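This report describes the model shown below.

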Amino acid sequence: MKFDPSVKIHDYLVFGEFGDVNPSITDSSTFTFLSTDKMKEMFEHEIEGCFLYSRHWNPINKYLSGALARFEDTESAQVAASGMGAINCVVMQICSTGDEIISSHTIYGGTYALFKNFLPRFGINVKFIDMTDLGALKKAVTKKTKMIYCETISNPLLEIADIHAISKIAKENNVKLVIDNTFAPMIVSPKRLGADVVIHSMTKYINGTSDCVAGCICSDNDFIASINDVNSGASMLLGAVLDSFRAASILKNLHSLHLRMQKHSKNAAYFAEQFKKLGLPTYYPGFTEHKQHKLLKSIMNEGFGFGGMVAVDIKDEDKANKFMMMMQDERVGYLAVSLGYFKTLFSSPSHSTSSEIPEEQQAKIGLGKGLVRFSVGLDNNIEESFGRVEKCLKKLSII
Ligand code: PLP
C-alpha cells in the first residue's frame, strides 16, 4: 500500500509488451520450456518469470497476488478459488493430526462448520472461545496449539479482534495467528498488527460485484512458497486455484476498492444512526458505545470509516422475515446472503450464514433469531433509501 519512489515501474510490470494497460489474461493451463534442464530446475524450485502449470502459478494469478500482497502489506500472497478454499489451504498447511486450533466463537458459519464438524475427522481439534477475552485465550493455549484464528470484524455480530494483543500471545507460544479480514479491507491491515497470515473471501468487498467466488492468502515469502511447494504445498496439492479469467476481472475491481469502502462505510454509518434514532437495538462498530469502538479506532487506517456492515435486532423472527421481504419489494436491496455488493443485501444470519452454529451457541453469543444483517450498498441517495426502510418498519408496526 505504501508508495516506494525508489521502485521503478519496470520492477512491477510483467506485461505491457503490446501497450495493454491491463495485464493479459492467462489462457493456458501449461507453459512451454525451451530446455529440459529448465523444466527439471522448475520442479526443484521456482524460477522468477518462469511458469510451470496453472495450478501452481500463472502470470495473471501472480499479478493479482502481487497486488494483494502490496495491499495487505505482506511479502507475498496467493489467490484461491474461494474464501473457504483459502481457509482450508492455510489450515492444511499449518495443522496435522493431533494439533489444535483456537478459534473465536463468532466467525462465519461455514468456517465454524469446517472447524467443528470436518477437521475433527482428520484429528484436528478446534477450541472455540470468546476472542475478546484475552485471559481465556491464554488459558486455552496448549503445546498442541498450532493456530489462533479469528475475524477482524466478526460475522455477524461485528466484534473487533484486538489483533495486536492476540499476536503477542501467539508469538509467545510460537503459534501462527491467522486473521480473516473479509469484513475490513482497507480499514484494518492485520499484518501490521502482528498477524502471520491474512485471508480474504474476495467474493465480498475486494471483488465487489457478486459475480464470482474467490479467496486469497497474504503472508510472508516462506509461507506462500510452502503452500505452493510441488511436493508438500496445500495450494498446489489440494488444488483450489483461482481461474485466470476471474483473476483478471478481480484485479480490475481491486483498483476501486478504496473508493467503494469509503462509500459503503458512509452509507452504513447513516443506516446505523437512523436505526438507533428509531430505538432499534443496532450493532455497528462506529458507535462510541460499541464495546470495541475505541480499540477499532486505535487500529484502523484513517479515511475508510467503520465498514459497510450493520445488524439490527428486530427481536421477533416472523417480523424480521416480513421486514426483509417487504424491503426487497420496496427495492431497498436484495434478500440475499453475502456482502460487499454495490446494492444493499440483507439476510437473517440465524437462518442463513450462521445457521451452522447450534441454537444454544447462537443464544450464548447473543445472535438472536430476529437479527437482520445489512451489507449497505453504494446508493447515491442513502437518505431516500432509508426512507423506504422506515416505511417497511412502520407498515409492520416494528416502530
Ligand atoms: N470468511 C467470511 C468472513 C465470510 O463471510 C465468508 C463467506 O460468507 C467466507 C470466509 C467464505 O468465503 P467464500 O464464500 O468465498 O468461500
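## A loop residue and the basis of the model

Does Phe122 count as buried, partly exposed or exposed, and why? Phe122 counts as partly exposed because its relative accessibility is 37%; buried means under 20% relative accessible area, exposed over 50%, and partly exposed in between, with a 1.4 Å probe and protein chains only. Phe122 is located in the loop between helix 5 and strand 3, where helices (H or I, at least four residues) and strands (E, at least two) are DSSP runs numbered from the N terminus. From Phe122 to Asn221 the C-alpha to C-alpha distance is 28 Å, and 99 residues separate the two in sequence.

The model is predicted, with local features requiring pLDDT of at least 70, side-chain atom pairs counting only at pLDDT 80 or more, and totals for chains, interfaces and linings using all residues. Residues are numbered from 1 along each chain as its sequence is written, and side-chain values use heavy atoms, leaving out hydrogens and water.

## Helix 5

Helix 5 (residues 109-118) is largely enclosed by the rest of the structure, because 7 of its 10 residues are buried. The buried residues are Gly109, Gly110, Thr111, Tyr112, Ala113, Leu114 and Phe115. Their cover includes helix 4, strand 2 (100-104), strand 3 (125-129), strand 4 (145-151) and helix 14 (359-364).

At least three residues come from each of domain 1 (13-254) and domain 2 (257-395), with bounds taken from an automatic or database domain assignment.

Beyond its neighbours within four places in sequence, Leu64 is in contact (heavy atoms within 4.5 Å) with Val79, Met202, Leu242, Ala247, Ile250, Leu251 and Leu254.

## Ligand site

Around the ligand are 14 residues, of which Met84, Asp180, Ser201, Thr203 and Lys204 come nearest; a residue is near if one of its heavy atoms lies within 4 Å. Helix 4 (residues 83-94) gives the most to this shell, with 3 residues.

A polar side-chain atom of Ser201 lies 2.8 Å from a ligand oxygen atom. A polar backbone atom of Gly83 is 2.9 Å from an oxygen atom of the ligand, and a side-chain N or O atom of Asn155 is 3.4 Å from an oxygen atom of the ligand. On its own the ligand has 390 Å² of accessible area (Shrake-Rupley method, 1.4 Å probe), and the protein covers 91% of this.

Note on methods: A polar contact is a pair of N or O atoms within 3.5 Å; within protein, one must be able to donate a hydrogen and the other to accept it, and residues adjacent in sequence count only if both atoms are side-chain atoms.
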